[in-house]
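Hi there,

Here is the structure I promised to pass along.

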Amino acid sequence: MASTWPSRSTPVSKATITGNAKGIVTTFHPSCGSGCQVRAGGGLASPFTLNGSAHTGSADHTFTVSRGHPRSSHTRYEFDFKKPGYTSGEVAYVGSTYRCDDEDRQYGAGCVYPTRISVEKDWTKLSDMANMPGIGDNIRKVQRAGLHIGRPGSTVPLTRATKAKADENRKEVCGPSVRPKPGDIWWTVDPNDDGTMPSCDEYPFAETTQGGNTYNPPNRSIKWVPLKENRQQGGILRTFFGRYHLLPGDKFYVQAGQ
């Protein structure tokens with residue numbers, strides 16, 4: 001079992017006090033679903049009186065998950081109001097659904113909002129794949145095509161596939177029978193350096209449901225690249241999936257430039 005601790009800042013703005021509203025004591029009561037515990041922290045850990053000052057605290061979560069069993073939940077944020085001699089009241093709202101998992105051995109347990117589409121590396125910076133001569137060129141070639149598959153902001157994001165689907169995609173597009181054609185090798189191959197050996201690169205990636213023969217050219221492309229490029233690309237994707245807790249079915253974009 002592994003526990004994750006996502007903490008969410010919860011601000012309470014200044015209150016405008018009118019009439020007999022002075023002296024209202026407020027208590028923050030967050031709660032979440034099965035396998036999840038949450039407690040108020042910071043300035044909201046104890047009851048406070050509404051006044052002309054802002055109050056900022058946190059909702060500190062503990063979510064218990066095990067490998068192979070991701071769990072989803074949401075948090076209910078409730079504020080109770082009490083004043084002697086008056087009827088008590090409350091205000092509550094429910095936050096967005098989040099998912100916690102312990103699927104990646106390197107990065108361990110963590111939580112994400114799965115409906116938010118991630119970008120490798122982020123929305124403003126180019127992916128490290130963009131700077132690889134062969135792989136970057138292949139990604140941009142397809143992202144410029146009609147569907148702009150995987151380009152940030154396009155209507156066709158990439159979707160992480162299961163391992164079985166990824167293996168199937170590789171066989172379809174870059175299987176053992178696929179060989180370089182004349183002119184495909186654009187770099188110097190050194191027999192003493194396996195990193196320079198020809199390697200078939202495909203985009204959309206085999207690790208996505210858009211890979212394989214899902215689309216026809218120009219919305220799909222292969223390019224022969226040095227093996228070291230393909231190895232680096234694989235490492236980048238594995239790191240991205242682990243760090244951002246992308247599981248099969250989750251969507252993402254790749255910022256490869258124009």
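Helix α2 covers residues 163-174, twelve residues in total, and please keep in mind that this is a predicted model. From its first C-alpha to its last, α2 reaches 16 Å, close to the 16 Å expected at 1.5 Å a residue. Buried in this helix are A166, N169, V173 and C174. They sit on the same side of α2, because they cover an arc of only 80° around the axis. On the other side of the helix, A164 and K171 are exposed. If you want to see what lies over the buried residues of α2, the cover includes β14 (198-203) and β15 (221-226).

Next, a residue in another helix: N230 belongs to α3, which runs over residues 227-243. The relative accessibility of N230 is 15%, under the 20% cut-off, so N230 counts as buried. Leaving aside residues up to four places away in sequence, N230 touches I135, S199, C200, D201 and V225.

Finally, there is a sheet to look at. Four strands make up an open sheet with antiparallel pairing, in the order β5-β3-β8-β9. Its edge strands are β5 (48-49) and β9 (89-94), each of which pairs on one side only. Between β3 (residues 25-32) and β5, the antiparallel pairing runs over two bridges. For V25, the bridge partner in β5 is T49.

Best wishes

Note on methods
Residues are numbered from 1 along each chain as its sequence is written. This is a predicted model: local features need pLDDT of at least 70, side-chain atom pairs count only at pLDDT 80 or more; totals for chains, interfaces and linings use all residues. Side-chain values use heavy atoms; hydrogens and water are left out. Buried means under 20% relative accessible area, exposed over 50%, partly exposed in between (1.4 Å probe, protein chains only). Contact means heavy atoms within 4.5 Å. The expected span of a helix is 1.5 Å times one less than its number of residues. The arc is that of the directions from the helix axis to the C-beta atoms. Two strands pair if DSSP finds at least two bridges between them.
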